[in-house]
2 protein chains.
Amino acid sequence: SGESEEEGDVVAGVKVPVVRLQFGEVAESSRVVILPVCKAEEKDKEVMEAPWECESEGEFGVVVAEKGWKRWVVLPGWEPVVGLGKGGVVVSFSDARVLPWKVNRWYKEEPILVVADRSKKDVEADDGFYLAAMDGGDMGFKVERGSALKEAGVTESLGTVVLIVRPPKDETENELADEDWE
Amino acid sequence: SGESEEEGDVVAGVKVPVVRLQFGEVAESSRVVILPVCKAEEKDKEVMEAPWECESEGEFGVVVAEKGWKRWVVLPGWEPVVGLGKGGVVVSFSDARVLPWKVNRWYKEEPILVVADRSKKDVEADDGFYLAAMDGGDMGFKVERGSALKEAGVTESLGTVVLIVRPPKDETENELADEDWE
């Protein structure tokens, strides 16, 4: 049903929030978070090299990372994002079909951001989601279920997925999407 | 008078907007801007080394700089900030007394952000404001009037000041400030 597509909803059996960014939402937030971004196409080495610590400095909330980085994103102060300590990172995927659950045809037209916590690498929950390197090394990233990683004998991931962000969409398009449900 | 202290107001004879950031404000407009930040205490070399180009990439507005940088700030999409092309930079001063106009005692308690355009270095307007290196080289930055720089024979600055940002303040404090005007 269309229900699982609604903002902030949790897809059945998926223990990670999936939210759709609203147009202007970042600007209206009373608190924003800046996070370093890696592209999914990059080697998995990059996600470990992105700055781990981003402290907020002074009255203007200037963000100071422990080292330089060139790709950043501003997100609203959503709970899972604000709760990130050291190790928070965003991986941008050009295609939402990377998500390991039943998808519909709209997914392939949508990029997504996966927010992960690199300080939580252990594969613990079967129904949790983890950022993992593609088989074969320098092939980039994927999002995997805990159960799938365990079956493959993987006990350590690149990080636990805490949030998945979908891009803003025109309201008209949203309505169409709901009607066109597969 | 207290008038010149109001949000968005222009101090008499000063051709640069001075705005106070509101608590929770990231914008009245629906967009935000991420800019690289330099500390005024750093050598003036740093302001020239901060990334010049920050492009917005894709539907999430991921900012991609041409090189890594570790200090960033998110500002509301104010006109002078949105209008910045390549070369936009923010210098954080711990003390607003750096501003070269009549100040009151509140200034010393306030840090400010100076937004400058490094692509406009020529000292042109007498009543314009410019980011300049402190005399003696490695002493950091100052904000100077065009007329003062011209008198000193300086024709090239580090950049034209386009906006000055004051920190958010409690409303109660604001009222007190107005009463306590010098």
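In S4(B), Trp72(B) is the bridge partner of Val63(A). The model is predicted: local features need pLDDT of at least 70, side-chain atom pairs count only at pLDDT 80 or more, and totals for chains, interfaces and linings use all residues. Residues are numbered from 1 along each chain as its sequence is written, chains are lettered from A and ligands numbered from 1 in the order in which they are written, and side-chain values use heavy atoms, with hydrogens and water left out.

Strand S4 (residues 62-76) of chain A and S4(B) run antiparallel and are joined by 5 bridges. Strands here are DSSP runs of E of at least two residues, numbered from the N terminus. Two strands pair if DSSP finds at least two bridges between them.

The interface involves 33 residues of chain B and 32 residues of chain A, contact meaning heavy atoms within 4.5 Å. About 2700 Å² is buried between the two chains, and carbon and sulfur atoms give 66% of this area. Buried area is the accessible area (1.4 Å probe) that two parts lose on being put together, summed over both.

Polar interactions also cross the interface. The rule finds 7 residue pairs in polar contact between chain B and chain A, both residues at pLDDT 80 or more. A polar contact is a pair of N or O atoms within 3.5 Å; within protein, one must be able to donate a hydrogen and the other to accept it, and residues adjacent in sequence count only if both atoms are side-chain atoms. On chain B, strands S2 (32-39), S4 (62-76), S6 (112-117) and S9 (159-166) each supply at least two residues of the side that touches chain A. S4(B) gives the largest share, 12 residues. This side of chain B divides into 21 nonpolar, 4 polar and 8 charged residues. Ala, Val, Leu, Ile, Met, Phe, Trp, Tyr, Cys and Pro count as nonpolar, Asp, Glu, Lys and Arg as charged, and the others, Gly among them, as polar.

The count between the chains is 2 salt bridges. Each is a side-chain nitrogen of Lys or Arg within 4 Å of a carboxyl oxygen of Asp or Glu. Arg71(B) forms one with Glu57(A), their closest N and O atoms lying 3.4 Å apart. Within chain A, Glu57(A) stands opposite Val62(A) in S4(A). S3 (residues 54-57) of chain A and S4(A) run antiparallel, joined by 4 bridges. The two form a hairpin with 4 residues between them, and Gly58(A) in the turn has a positive phi of about 70 degrees.

A rotation of 180 degrees with 0.0 Å of shift along its axis superposes chain B on chain A (RMSD 0.0 Å). That is the relation of a two-fold axis. Superposition is by least squares on the C-alpha atoms of residues with pLDDT of at least 70 in both copies. In chain B, the C-alpha of Gly68(B) is nearest the axis, 2.2 Å from it. Of the interface residues of chain B, 97% are also interface residues in chain A, so the copies meet through the same surface.
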